[in-house]
Amino acid sequence: MNTTWSRFNIASVVLGFAFLYLPIVLLIIFSFNESKLVTVWAGFSTKWYGELFRNQGLIDAAWVTARVGFISASFATVLGTLAALALTRYTRFRGRVLFSGMVFAPLVMPEVITGLSLLLLFVAIGLDRGFLTVTLAHITFSMCFVAVVVQSRLITFDRSLEEAAMDLGAPPVRTFFAITLPVILPAIISGWMLAFTLSLDDLVIASFTSGPGATTLPMKIYSQVRLGVTPEINAACTLLIAVVAAGVLIASVVNKSREVQRQRDEQAAQRN
C-alpha cells in the first residue's frame, strides 16, 4: 500500500489547519498589541490584560459563566452517567426507545429550537429567568454528550470483574464504587470536561434562558463585538483558550499516568 503523501494531500492538510487555527493565532497575537486598533500592529504590550481585569462587566460575566459551567457540568455528569448505565445494562425495559430518544435528542436538535422550547417551558411554569434557568438549560443539553462518552466506555467494559466481586460477597452498590467507577472514571472525567467546555461556549441557549444578573461571558463578548472588536475582547478570548487548553493538557497527563500505572500493575501481576 502506497503511503507516500502527494503534494495535493500535504497542501490540503496545511490549508485545513491554517483555516482552523490561523484566526486563533492572530487573535492571540493581537491581544498583545500596543495599539487600540485591532488590525494595526504597534508593538508588544500587555496593557490590555490589565484593562480586562479592570473591566467589571467582563469579570462579572466570567464569574457567572464559571459558576454555571461548573454546576451544570457536575449535574450533567451524574445524570449522563446514570443514563448511560441504564441504556447499557438494561437493554430491555418498557419505554427504552422513548428514553433513549429523549436522552440523545439534544445532540441533533438545533440550539435555537432547544433554547426556545426551554424558554417556553420556564414561562409556562412561572420560573423567572436568571442563573437557575441558564444552569438548568445547560444541564439539559450537555447531559447527552456525557451519556455518549460514558456509554462508549461501558460497552467495552468487562462485566466479569463485577461478577467476580459479587461472587466474593460485595453488594451491587459497593461493586459499582470499587470496580465499575474506577474503570469508567476517565470517561466520566472526559464527559465532565466536555460538558464544561460546551457550557463555556454556549451563546444561543443562554440568550434564550438568561435574565437579569445572569449574563454569561459569550453573551457579554457578543454584545460588545457588535459595537466593534476591542483588544480587551482579544485578551479575554486568549485567556479562555489558555484555560481550556490547560484543562485538556492536565486531563491528558492524568489519563496517561493512569494508563501507565495500570500497565505496570498488570505486568507486576503477571510476574507474580
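Leaving aside its neighbours within four places in sequence, with which residues is Val150 in contact? The residues are Thr81, Ala84, Ile184, Ala187 and Ile188, where contact means heavy atoms within 4.5 Å. The model is a predicted one, in which local features need pLDDT of at least 70, side-chain atom pairs count only at pLDDT 80 or more, and totals for chains, interfaces and linings use all residues. Residues are numbered from 1 along each chain as its sequence is written, and side-chain values use heavy atoms, with hydrogens and water left out.

Val150 also belongs to the largest nonpolar core, which has 11 residues. A nonpolar core is a set of buried Ala, Val, Leu, Ile, Met, Phe, Trp, Tyr and Cys residues joined through side-chain atoms within 4.5 Å. Buried means under 20% relative accessible area, exposed over 50%, and partly exposed in between, with a 1.4 Å probe and protein chains only. Besides Val150, the core comprises Ala73, Ala84, Leu85, Val146, Leu154, Ile184, Ile188, Ala195, Phe196 and Leu200. At least two residues of this core come from each of α3, α6 (131–155) and α8 (172–201), and α8 gives the most, with 5 residues. A second, separate core holds 10 residues, including Tyr49, Leu52, Leu58 and Cys237.

Helices (H or I, at least four residues) and strands (E, at least two) are DSSP runs, numbered from the N terminus. The C-alpha atoms fill a box of roughly 70 × 60 × 40 Å, taken along the principal axes. Of the 272 residues in the protein chain, 32% are buried. Among contacts between residues at least 6 apart in sequence, 71% join residues at least 24 apart.

An unreviewed UniProt entry places the feature "transmembrane region" at several stretches, among them residues 61–85 and 176–198. In the model, residues 61–85 are 100% helix and 0% strand, with the end C-alpha atoms 35 Å apart. Residues 176–198 are likewise 100% helix and 0% strand, and their end C-alpha atoms are 28 Å apart. The UniProt annotation "domain: ABC transmembrane type-1", also from an unreviewed entry, covers residues 62–251. Over residues 62–251 the chain is 81% helix and 0% strand, and the end C-alpha atoms are 22 Å apart.

Helix packing comes next. Two packed helices are described by the angle between their axes and the distance between the axes. Helix α3 (residues 56–89) packs against helix α10 (residues 217–225) at an angle of about 145 degrees, with the axes 7 Å apart. Here the axes are lines fitted to C-alpha atoms, for helices over the stretch in contact, and angles run from 0 to 180 degrees between N-to-C directions. On the α3 side, Gly57, Leu58, Ala61, Ala62 and Thr65 meet Leu217, Pro218, Lys220, Ile221 and Gln224 of α10. These residues divide into 6 nonpolar, 3 polar and 1 charged; Ala, Val, Leu, Ile, Met, Phe, Trp, Tyr, Cys and Pro count as nonpolar, Asp, Glu, Lys and Arg as charged, and the others, Gly among them, as polar.

Aromatic side chains provide a further view, with 7 aromatic pairs found in the whole structure. Rings of Phe, Tyr and Trp (its six-membered ring) pair if their centres lie within 6.5 Å; planes under 30 degrees apart count as stacked, over 60 as edge-to-face and the rest as tilted. Phe70 and Trp192 form an edge-to-face pair, 5.9 Å centre to centre and with 75 degrees between the planes. This pair links helix α3 to helix α8, its members being 122 residues apart. Phe70 counts as partly exposed because its relative accessibility is 48%, and Trp192 is partly exposed at 25%. Phe176 and Phe177 form another edge-to-face pair, at 5.3 Å and 85 degrees.

Pro212, in the loop between α9 (204–209) and α10, has 79% relative accessibility and so counts as exposed.

Note on methods:
UniProt positions are given in the numbering used here, feature names are shortened, and annotations may be inferred rather than shown by experiment.
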